[in-house]
Amino acid sequence: MVHIGNDWDELLADEFQKDYYKELRRFLIAEYNSHRIYPPMEDIFNALKYTPYHSVKAVILGQDPYHGAGQAHGLCFSVKRGTPPPPSLQNIFKEIHDELGLPIPPHGELTAWAKNGVLLLNTSLTVREGSPNSHRGHGWEILTDRVIELLNQREQPLVFLLWGGNARSKARLITEPRHLVLQCAHPSPLSAYNGFFGCGHFRKADEFLKNNGIEPINWQIE
C-alpha cells in the first residue's frame with residue numbers, strides 16, 4: 001500500500017494494515033479526486049523517504065503542510081526552490097544566522113537538512129488548498145505519533161525540536177531520558193518574539209550530538 005524505500009517500511013508495516021489507516025486512505029482518495037490537495041500525492045511521505053529511521057539525528061515537528069500552490073513538498077517548513085520562503089521559515093533562518101553565523105539561504109528548500117539527518121515531520125501529512133488543518137483528525141496523527149514513539153525507542157540519542165503548542169503536545173510521547181527535548185514558541189511572526197528568537201536550539205542540538213559522539217548537523221543551505 002505504501003512504499004517508502006528504507007527501514008521505515010518494516011517499522012510501519014503494521015500501521016499501514018490497521019483500520020484507521022485504511023479509512024484514512026479512502027478519505028485521501030476522495031479528497032485528491034475532488035479537491036486540490038497538498039503536497040502532490042507522490043510527495044506525501046518525503047520526510048520519511050529522505051530521512052531513514054537509522055539516520056535520524058534531530059526531529060523538527062510541524063503541524064500540517066503549506067496550503068498554497070507550489071509550496072508543500074512533504075517536508076515541514078520547507079518549500080520548493082523558486083517559491084519565496086514563508087515568514088516562519090524566514091525566522092528559522094534568522095535564528096540560525098544569529099546562533100551559528102551561517103548566511104541566510106537563497107531559497108527555502110530544506111532537502112539538504114533531511115538528507116543530513118533532520119526528520120522534517122508534519123503531524124498531519126496532507127491539507128486541502130487554502131484550508132489549514134482541513135485533514136486534521138482523519139488518522140494522520142495516529143501514524144505520526146507512532147513515528148515519534150518509534151524514535152523514542154531508538155537506542156542512539158537524538159534531539160526533538162518542538163516549536164509551538166501543537167508540537168509541544170507531543171513531548172508526552174518522548175519518555176526516554178537519553179534523548180534531548182527542546183521546546184519553545186513557534187517561529188511564526190505571531191509568536192517568534194515570545195521565545196523562538198534567542199532559543200539557541202540549533203547550537204544546543206549540535207552540542208548534544210557532539211557530546212554523544214554523533215556528527216553534528218550541517219545547517220547551511222546552499
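This is a predicted model: local features need pLDDT of at least 70, side-chain atom pairs count only at pLDDT 80 or more; totals for chains, interfaces and linings use all residues.
Q: What makes β5 count as mostly covered?
A: Five of its five residues are buried, and buried means under 20% relative accessible area, with exposed over 50% and partly exposed in between (1.4 Å probe, protein chains only). Residues are numbered from 1 along each chain as its sequence is written, and side-chain values use heavy atoms, with hydrogens and water left out.

Q: Which way do the residues of β5 point?
A: Val 159, Leu 161 and Trp 163 go one way, Phe 160 and Leu 162 go the other, and all are buried.

Q: How do you know that β2 and β5 are joined?
A: Count the bridges: two strands pair if DSSP finds at least two between them, and β2 (residues 58-62) and β5 (residues 159-163) have three, running parallel.

Q: What makes β5 and β6 a pair?
A: They share five bridges in the parallel sense. Leu 162 faces Gln 183 of β6 there.

Q: Why are β3 and β6 said to stand at the edges?
A: The sheet is open, with four strands in the order β3-β2-β5-β6 and parallel pairing. β3 (118-122) and β6 (180-184) each have a single partner strand, so one side of each has no neighbour in the sheet. On average, neighbouring strands here are turned by 20° against each other, direction ignored.

Q: Which helices lie on or pack against these strands?
A: α6 lies across β2, β3 and β5, at about 150° to β3. Helix α8 (residues 201-211) packs on the sheet too, touching β5 and β6, with its direction at about 175° to that of β6.

Q: Why is α2 called oblique to α6?
A: The axes of α2 (residues 19-34) and α6 (residues 140-153) cross at roughly 130° and come within 9 Å. Axes are lines fitted to C-alpha atoms, for helices over the stretch in contact, and angles run from 0 to 180 degrees between N-to-C directions. Under 35 degrees would be roughly parallel, over 145 roughly antiparallel and 65 to 115 roughly perpendicular, with the rest oblique, so α2 is oblique to α6.

Q: Which residues make the contact of α2 with α6?
A: Tyr 20, Tyr 21, Leu 24 and Leu 28 come from α2, and Trp 140, Ile 142 and Leu 143 from α6; contact means heavy atoms within 4.5 Å. By class there are seven nonpolar, no polar and no charged residues. Nonpolar covers Ala, Val, Leu, Ile, Met, Phe, Trp, Tyr, Cys and Pro; Asp, Glu, Lys and Arg are charged, and the others, Gly among them, are polar.

Q: Why is Glu 31 called buried?
A: Its relative accessibility is 7%, which puts Glu 31 in the buried class. Glu 31 lies in helix α2 and touches Ile 37, Arg 128 and His 135, leaving aside residues up to four places away in sequence.

Q: How do you know that Leu 89 is buried?
A: Leu 89 comes out at 0% relative accessible area. Leu 89 belongs to helix α4 (residues 87-100), and its contacts, not counting residues up to four places away in sequence, are Tyr 66, Phe 77, Val 79, Gly 108 and Leu 110.

Q: What is the phi of Phe 77, and is Phe 77 buried or exposed?
A: Phe 77 has a positive phi of about 70° although it is not a glycine, and at 9% relative accessible area Phe 77 is buried. Phe 77 is in the loop between β2 and α4.

Q: Why does Asn 133 count as partly exposed?
A: Its relative accessibility is 30%, so Asn 133 falls in the partly exposed class. Asn 133 also has a positive phi, about 65°, without being a glycine.

Q: Which residues of the largest nonpolar core touch the most other members?
A: Of its 72 residues, they are Trp 8, Phe 45, Ile 60, Trp 113, Leu 119 and Leu 151. A nonpolar core is a set of buried Ala, Val, Leu, Ile, Met, Phe, Trp, Tyr and Cys residues joined through side-chain atoms within 4.5 Å.

Terms used. Helices (H or I, at least four residues) and strands (E, at least two) are DSSP runs, numbered from the N terminus.
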